[in-house]
Amino acid sequence: MAAPDLTPSNDEYHGLAAFEPGITLKPHTYKAKKFEDYDVEIKITHCGVCGSDIHTITGGWGSINYPQVVGHEIVGHVTRIGSAVDPKKYAIGTRVGVGAQCRTCMTCKDCKAGKEHCCRKGIDTYTGKYEDGYISQGGYADYFRCHYNWVVPIPDGLPSEIAAPMLCAGITTYQPLKKYGVGPGKRVGVIGLGGLGHLGIMWAVKLGADVTAISSSSRKKSDALNLFGAHHYLDTSNPAELAAHDAAFDVVLCTAFGNDTDWDLLLKMVDSDGVFVLVGLPEKPISIKPFSLCVPQVAVVGSHIGSPAMIAEMLQFAVDHGVKTVVEVKPMEKAAEALHQLHTTGAKYRLVLQR
């Protein structure tokens, strides 16, 4: 393997950006954010393709400023560090990753409690606004720089293309499973068998839970059981199967949805005092009848990535337990093609761009 290029940038970055709502990307040269004492600059080698990228550049989650470079599953090598950065942890050449968040205030109660991902003043890896007005640009590019706290070293046992999707899809599913006590004796259902869902299944299995993969067809049953290790499979298009799973789970992790999803029907699968965790984010509001929550004492909760410490824990857990993202790798210059594939036919199971 060739040695990585560790040449620092000249503060001018080159990426692929959306210039208007849609899934069209064009080459874009732009100024990097101001380099500050706590910053780490990364020469990017890989960037995962996330559904968030599509929701963002199409305007599905709201209006944004164009041009916009997306991508928040970044892996690469350190090329430059600021004076306030640990030179041992972030030595030049260290392989590191950055997920969906790149800075927080570091002073609020959430930041001080190790829940930086809940910071109300956090800046996202793309579309985030800095104090000077700079809009953060993501990983479909040659370089990225941000606060060291959100730069996580990648363990040696984890290939870059496998690690990249874990920085968003991975932590989005790992963190709530840990938070809600998934382990031996817990019954877990994972809705959706895409980029998030396949990792959610593998995390839950390796944490020791009894895991059911839940999908709207039987198309991915073999992969769910044989590739990801789920113990059971539920095809929600089969009314008899669905009826047999009333109050069947302590935790349901919802990673996917449809335009006509019957949320009350899904909530019936959660046992009393159980938790329904929403990590897939619909573009439109969802509707739930109060009786679906109150009578069985079911909680519907949201979850958003995880702290840098939790990301580091997750990456090491993946190494220790042999969890590997199932990926398709494409050249970075085919980022638009990858987005179109994800939007139309989908990925099996996560797309990763490589420079």
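Start by selecting Lys115 and Asp110: their side chains meet in a salt bridge, 3.6 Å from N to O. The term means a side-chain nitrogen of Lys or Arg within 4 Å of a carboxyl oxygen of Asp or Glu. Asp110 is buried, at 11% relative accessible area, while Lys115 is partly exposed at 38%. Here, buried means under 20% relative accessible area, exposed means over 50%, and partly exposed lies in between (1.4 Å probe, protein chains only).

Before you click on, note that this is a predicted model: local features need pLDDT of at least 70, side-chain atom pairs count only at pLDDT 80 or more, and totals for chains, interfaces and linings use all residues. Residues are numbered from 1 along each chain as its sequence is written, and side-chain values use heavy atoms, with hydrogens and water left out.

Next, pick Lys33 and Asp39. Their side chains form a salt bridge at 2.6 Å, N to O. Lys33 is buried at 6% relative accessibility, and Asp39 is buried too, at 0%.

Now jump to Asp223 and Lys348, another salt bridge, with the closest N and O atoms 3.6 Å apart. This pair links distant parts of the chain, 125 residues apart: Asp223 sits in helix H6 (residues 221-227), and Lys348 in the loop between helix H11 (335-344) and strand S17 (350-354). Helices (H or I, at least four residues) and strands (E, at least two) are DSSP runs, numbered from the N terminus. Asp223 counts as buried, at 17%.

Then select Asp11, Glu41, Arg80 and Arg145 together; salt bridges that share partners join them into one network. The whole structure holds 15 salt bridges.

A cavity is a set of points on a 1 Å grid over the protein atoms alone where a 1.4 Å probe fits but cannot get out; a pocket is an open set with protein on both sides within 12 Å along at least five of seven lines; lining residues have an atom within 4 Å of a point. Strand S8 (residues 143-147) gives the largest share of the cavity lining, three residues.

Last stop: the second largest pocket, with a volume of about 300 Å³. Select Ala2, Ala3, Pro4, Thr45 and His77, the closest to its centre of the twelve lining residues. Strand S3 (residues 39-49) supplies the largest share of that lining, four residues.

Methods. Grid points are joined across faces, edges and corners, and a volume is the space filled by probe spheres set on the points.
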